[in-house]
Amino acid sequence: MKLLKTTLELLGENEIAAFFNTLEREEDIQEYLKNERIVKLVSNPNLPTALDIAWFSLRSVELVLKLVRYNRNWLDVSRWRSDVLRHLILNAEMIDPKTLAELRWSSHNQFRVIASIISKDFSRVKEDEVACILLDCKEDFAANYRITLKLVRLAREANVRVPRTHFEDSVFVALVEPPVTTQEVLEELSKNALKTAFAHVASSAVEWDIVLPRLKRAYERLQSSGTYTEDYKTEAMNRLLCSAIIRNKLREVLEFAPQLAERYDKLKLWGSTDLATEEVVRRVHKGTLTED
Amino acid sequence: MEKSLLRVVLEELGYYDVSKFFSAIMEPEESMLTFEVTENVRKLLDKLPDVLDVSEYRFPPKVVLQLAKHNPKWLLFCVPHSLLGFIVEHDIQLTQQELEALEKGDSEAQALAQLLRGYEQPTVIQKPLSDFLFYAVRRLISRISLRVARLAYENNVRVMNSLVQSYSYRLLIPLAEPPITTKDVLRMLSKNSIKTAFAYVASPSVDWDVVLPRLKRAYERLERLSYSVDALKNLLWSALFRNRLQDVLTVRLAEMYNCEGLWGTTDPVTEEVIRRMLEKGGEK
């Protein structure tokens, strides 16, 4: 980069040299983007490729996404693309249509699929590709409930359906086809398969009001019975919490399962549901803390 | 590589002449070093050497020698021993300004300038020139190393005898000061130290005609004992340096000359003898 910057300065292109300097330092480039020649440069698809060849990379997710707006190839110089993907999912509503449009044409299929889900436009992806990428995300973000929940919500809003086989054991069950039914959940509850049942109520094909009293009893059994290990209990609670968030029924569940407010906090799920519900979560959480 | 970055940015900004300049100096094989010296390129030729860090940018000798025609400071942007190799291989004479530019570089560049300038009288060199010379002859291919040694000898560069001996470095035997003499060679031969003796005869102070019959007998002894490649290499090198290869040439040495890629290091008549010897595969 030094030879380029020096050359530009010697040619009298001080502003462009300063732009590259700022880019290298990962500082704010907004001012430079008022210069048409710089915009033309950052829009050139060969520039990120050339920078990539010169071992240049950017750590700042915001900067990468700012540049992607002009040209999707800037993803290539992102040092941690998974961070960009995470940011994209968590801030889906804030991503402008031009950036999404660029991403839908990206050569990186994860970005192509996620941008298609966010923009609800699947013209640039194949049907199987969506399920494959969601499967990757399920594995990559397994420990991050907040991001998984957000992704499931986005996919549900975009009417995405995935084959049941690989997603049954996770919050992605909300997207499976054929859907999990009320009957199945009731059978699972009667067999005391609580973890499975709690996960499966995420499916919108399950009639919430029918299963709710049974869920309540099952939850009480989970808390009072000595037969479940602590790990089983925690996992079952996490699943019930996520399903309730997906179904937008968290307040109803908190009435009989106030411990889920603590799990909500522990799993750093703040921002995963509406503000009114979060206020309830906050109060319940405070209450359980006081009780403790 | 920065070259694609330079190309993309400069062409997008409309500096096609500058882009072509960088392509030429960064891909000399492809472009055959053709670039137009426009006003922009002139600016770069003049000013880049002052603002770029020499340790970060290195170009091939062919490139810096071409650029040095416009600004001698470009010579500093080449690995000094590679530049030396190219200069001796292509018999290039640097100008006064180019030598002065090298003298303003780092210790290796200064050593190169000193080696090329030479001395009025035989002079024993000190560090860092001796370090540079030892390093250069080790790194360069045999054919070029021989030329470097010849140049150093002709330019009155001499190396402390003890230093040459302690490194047992045959390539710099001719430069030893005090020089290795006929007596030294005869002593080695009598001790049956054939390898060392063969290396010593490279010294111009050794009376070749006196030692030649002894060398031949030693060579025959070596044949009976099965060949020692290192000893043969020493003899080949010494004979080449002394310009007496025809006196000692055998099929084995001719084959070694060919294998080591030494073509061009001796006179055409001797090379014709070597060629015939290789074709026939028989003794001279």
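Tutor: One begins with the elements: helices (H or I, at least four residues) and strands (E, at least two) are DSSP runs, numbered from the N terminus. The model is predicted, and local features need pLDDT of at least 70, side-chain atom pairs count only at pLDDT 80 or more, while totals for chains, interfaces and linings use all residues. Residues are numbered from 1 along each chain as its sequence is written, chains are lettered from A and ligands numbered from 1 in the order in which they are written, and side-chain values use heavy atoms, with hydrogens and water left out.

Student: What pLDDT does chain B average, and what ipTM does the predictor give the complex?

Tutor: The pLDDT is the predictor's confidence in each residue, from 0 to 100. Chain B averages 90, and 95% of its residues score at least 70. For the complex, the predictor gives an ipTM of 0.79 and a pTM of 0.78.

Student: Which peptide bond involving B:P128 is cis, and where is B:P128 found?

Tutor: The cis bond joins B:K127 and B:P128, with omega about 0°. B:P128 belongs to the loop between strand 1 (123–124) and helix 9 (129–139) of chain B. A cis peptide bond also joins B:E177 and B:P178, with omega about -5°; B:P178 is in the loop between strand 3 (176–177) and helix 12 (182–190) of chain B.

Student: Is the phi of A:W55 positive or negative?

Tutor: A:W55 is not a glycine, yet its phi is positive, at about 65°. The residue sits in the loop between helix 4 (46–53) and helix 5 (61–68) of chain A.

Student: How much area do chain B and chain A bury between them?

Tutor: Buried area is the accessible area (1.4 Å probe) that two parts lose on being put together, summed over both. Here the total is about 2100 Å², 73% of it on carbon and sulfur atoms. Of the area that chain B buries against chain A, B:L5, B:E12 and B:L13 supply 28%, more than any other three residues. With contact meaning heavy atoms within 4.5 Å, 24 residues of chain B and 22 residues of chain A take part.

Student: At what angle do the axes of helix 1 of chain A and helix 1 of chain B cross?

Tutor: Axes are lines fitted to C-alpha atoms, for helices over the stretch in contact, and angles run from 0 to 180 degrees between N-to-C directions. The axes of helix 1 (residues 2–10) of chain A and helix 1 (residues 2–12) of chain B cross at roughly 30° and come within 9 Å. Chain A contributes A:K2, A:L3, A:L4, A:T7 and A:L8 to this contact, and chain B contributes B:E2, B:L5, B:L6, B:V9 and B:L10.

Student: How many salt bridges does the rule find across the interface of chain B and chain A?

Tutor: Side chains of opposite charge can pair when their charged atoms come close. A salt bridge is a side-chain nitrogen of Lys or Arg within 4 Å of a carboxyl oxygen of Asp or Glu. The interface has one: A:K40 pairs with B:E12, the closest N and O atoms being 3.5 Å apart. Over all chains the count is 35. Among them is A:D28 with A:K66, whose closest N and O atoms are 3.4 Å apart. This pair links distant parts of the chain, 38 residues apart: A:D28 is in the loop between helix 2 (14–25) and helix 3 (36–43) of chain A, and A:K66 is in helix 5 of chain A.
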